[in-house]
Amino acid sequence: MLPTIEEALNELKIAEHLNPGPWVKHSMNTGVAARNIAEKVPGLNSEKAYIVGLMHDIGRRAGITDIPTHVYDGYKYCMEKLEDI
Ligand SMILES: [Fe+2]
């Protein structure tokens, strides 16, 4: 289940507090880009694209790591959030 836009923005805010850095602005830009692309592609949901763009680097909340590690950290974090639902 995807978070709402408000929840995704709140997750980024929490993550930025845990690990400040340019990755947060990058995530926001990615969300906007994904939304803009989805608006032009029939069949895509621009709201969902925005949310997944916002959240795509959420594993960086745990700190600066290499690419495979932050991807895996993000996966683990999202799976933990699912268990809370
Ligand atoms: Fe990224």
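Which helix does L18 lie in? L18 lies in helix α1, where helices are DSSP runs of H or I with at least four residues, strands are E runs of at least two, and both are numbered from the N terminus. This is a predicted model, in which local features need pLDDT of at least 70, side-chain atom pairs count only at pLDDT 80 or more, and totals for chains, interfaces and linings use all residues. Residues are numbered from 1 along each chain as its sequence is written, and side-chain values use heavy atoms, with hydrogens and water left out.

L18 comes out as partly exposed at 48% relative accessibility; the scale is buried under 20%, exposed over 50%, and partly exposed in between, with a 1.4 Å probe and protein chains only. A38 sits in helix α2 and is buried, at 3% relative accessible area. E80 belongs to helix α4 and is partly exposed at 45%. Each of these residues has a C-alpha distance to go with it:

| Pair | Separation along the chain | C-alpha distance |
|---|---|---|
| L18 and I64 | 46 residues | 11 Å |
| A38 and H70 | 32 residues | 25 Å |
| E80 and N36 | 44 residues | 29 Å |

**The iron site**

Now for the metal. The iron ion has H26 (NE2), H56 (NE2) and D57 (OD) as its protein donors, 2.2 to 2.3 Å away. Donors here are N, O and S atoms within 2.8 Å of the metal (3.2 Å for Na, K and Ca), and water is not among the atoms, so sites may look incomplete. Read along the sequence, the donor spacing is H-x29-H-D. H26 is in helix α2 (residues 22-40) while H56 is in the loop between α3 (46-55) and α4, so the two histidines tie together parts that are 30 residues apart in sequence. H26 is partly exposed at 39%, and H56 is partly exposed too, at 37%.

**Rings and charges**

How many aromatic pairs are there? The count is 1, using rings of Phe, Tyr and Trp (its six-membered ring) with centres within 6.5 Å; planes under 30 degrees apart are stacked, over 60 edge-to-face, and the rest tilted. Y72 and Y75 make up that pair, stacked at 6.3 Å centre to centre with 20° between the planes. Both tyrosines are in helix α4 (residues 67-83), 3 residues apart, or about one turn of the helix. Y72 is partly exposed at 48%, and Y75 is also partly exposed at 48%.

Charges over rings turn up as well (NZ of Lys or CZ of Arg within 6 Å of the ring centre and within 35 degrees of the ring normal). R61 puts its charged end over the ring of Y77, 3.9 Å from the centre, and R35 lies over the face of Y50 at 4.5 Å from the ring centre.

**The largest pocket**

The largest pocket holds about 370 Å³ of space. Of its 14 lining residues, M1, L2, P3, M55 and K81 are the closest to the centre. Helices α1 (5-18), α3 and α4 each give two or more residues to this lining, and α4 has the largest share with 5. A pocket is an open set of points on a 1 Å grid over the protein atoms alone, where a 1.4 Å probe fits, with protein on both sides within 12 Å along at least five of seven lines; lining residues have an atom within 4 Å of a point. Its volume is the space filled by probe spheres set on the points.
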